Amino acid sequence: MKLVESISSSRVLISTGTGGVGKTTISCAMAIALAHSKNAKVLVITIDPAKRLGSVLVEKNLGHIPTKIDHTRFFDIDIDVKGELFGVTIDMSKGWDELVTRFSKSSDDIKKIFDNTMYQNLTTRFTHSHDFIAMDQLYEYYHKGEYDYIILDTPPMSQAFDFFDAPKVLADFFGGKIINLVTSPYRLSQSSKGAKIFDLASKPFFTLANKVLGENFLNDIGEFFYLFKKIYDPLTKRSEDITKFLKSDSLSCSLIMSPVQFIEKNYENVHTELNSRSMSLSNIVLNMFPFSDIDLEEVKSFIKANARD
């Protein structure tokens with residue numbers, strides 16, 4: 001129960017680790033334990049499109065809307081199971097739609113973004129797009145305060161550090177020089193039809209691009225980034241809020257490792273990376289330990305026998 005007390009010290013727990021160490025399974029186990037031991041309402045979130053969370057929780061229809069999980073199935077039949085458990089798999093496209101709706105200044109801007117042919121492609125192909133939406137959704141669930149505890153199952157550790165940097169990277173991108181370059185020749189016509197026009201005379205590069213790619217292509221790109229520039233301020237504020245949230249006492253990180261990874265001290269790099277972002281590693285969970293009833297002295301002997309000089 002020491003682990004339960006440790007992970008319950010903050011409202012939000014981010015579960016990290018490499019692939020293949022049982023991170024999703026342990027994340028679900030911690031969520032179930034929290035729900036029961038604290039008689040709490042717990043949400044476990046994943047951004048893994050492979051639907052592993054649904055498999056672990058024995059829930060086929062896990063989607064973008066939180067689904068209540070019958071966690072009594074994970075206990076002995078004679079136990080009075082307490083708390084509530086919910087699961088959700090973040091849908092990136094729906095997450096972006098919610099963000100655009102939240103921050104756009106008018107329904108007309110929302111419609112233009114949704115109708116833009118570049119919208120689906122660009123929002124799904126940004127390097128940090130998926131990570132940012134996951135962070136945005138995590139923060140939104142935290143901010144609403146509907147759950148006592150939230151556990152986020154992250155991508156494998158090789159991608160996780162980029163995951164933590166996503167809010168700042170995306171905000172910097174939409175406010176960067178390249179976006180100003182793309183939108184500088186773009187203007188909305190004041191005519192009654194509201195035609196989209198690229199002022200090709202202002203940039204020789206765009207004159208050439210227009211011949212190669214076509215005016216409609218350039219107009220779609222220009223309109224997309226022009227409209228996103230209009231939500232740059234609230235998007236930046238959101239990114240700043242998420243970054244502060246990641247550094248707050250409301251959030252902690254748990255590292256899921258195999259015994260071999262622990263012996264090789266792989267946690268040292270994780271601790272360094274998190275510390276450089278002013279984030280804390282609250283606990284390390286060793287999974288797949290070769291003991292049925294773990295005895296502390298036996299564990300120490302195992303580690304000592306397998307440790308490198």
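How many residues does helix H2 have, and how far does it reach from its first C-alpha to its last? I looked it up: H2 covers residues 23-37, which makes 15 residues, and it reaches 21 Å. That is close to the 21 Å expected at 1.5 Å a residue, where the expected span is 1.5 Å times one less than the number of residues. Helices here are DSSP runs of H or I with at least four residues, strands are runs of E with at least two, and both are numbered from the N terminus.

Housekeeping, before I forget. This is a predicted model, so I note that local features need pLDDT of at least 70 and side-chain atom pairs count only at pLDDT 80 or more, while totals for chains, interfaces and linings use all residues. Residues are numbered from 1 along each chain as its sequence is written, and side-chain values use heavy atoms, with hydrogens and water left out.

**Confidence.** I checked pLDDT, the predictor's confidence in each residue from 0 to 100. The protein chain averages 78, and 74% of the residues score at least 70. Residues 188-195 are one of them, with seven contacts beyond four places in sequence; a contact means heavy atoms within 4.5 Å. Residues 205-214 are the other stretch I marked, and the model has 12 such contacts for them.

**Back to H2.** I listed its buried residues, buried being under 20% relative accessible area, exposed over 50% and partly exposed in between (1.4 Å probe, protein chains only). Among them are Lys23, Thr24, Ser27, Met30 and Leu34. Just after H2, I found asparagine 39 with a positive phi of about 50 degrees.

**Aspartate 153.** Which residues does aspartate 153 touch, leaving out those up to four places away in sequence? I got Ser15, Lys23, Thr24, Ser27, Ile45, Thr46 and Ile47. Aspartate 153 sits in strand S5 (residues 149-153) and counts as buried because its relative accessibility is 2%. Its side chain makes a polar contact of 3.2 Å with the side chain of lysine 23. A polar contact is a pair of N or O atoms within 3.5 Å; within protein, one must be able to donate a hydrogen and the other to accept it, and residues adjacent in sequence count only if both atoms are side-chain atoms. Threonine 24 gives another, side chain to side chain, at 2.6 Å. I also noted leucine 53, which is 100 residues from aspartate 153 in sequence but 8.7 Å away in space, C-alpha to C-alpha.

**Salt bridges.** I get 13 in the structure, each a side-chain nitrogen of Lys or Arg within 4 Å of a carboxyl oxygen of Asp or Glu.

- Aspartate 108 and lysine 112 pair at 3.3 Å, N to O. Both lie in H5 (residues 107-115), four residues apart, about one turn of the helix. Aspartate 108 is partly exposed at 41%, and lysine 112 is partly exposed at 27%.
- Aspartate 241 and lysine 237 have their closest N and O atoms 2.9 Å apart. Both lie in H12 (residues 232-246), again four residues apart. Aspartate 241 is buried at 19%, whereas lysine 237 is partly exposed at 45%.
- Glutamate 273 and arginine 277 meet at 2.8 Å, N to O. Glutamate 273 is partly exposed at 24%, whereas arginine 277 is buried at 17%.
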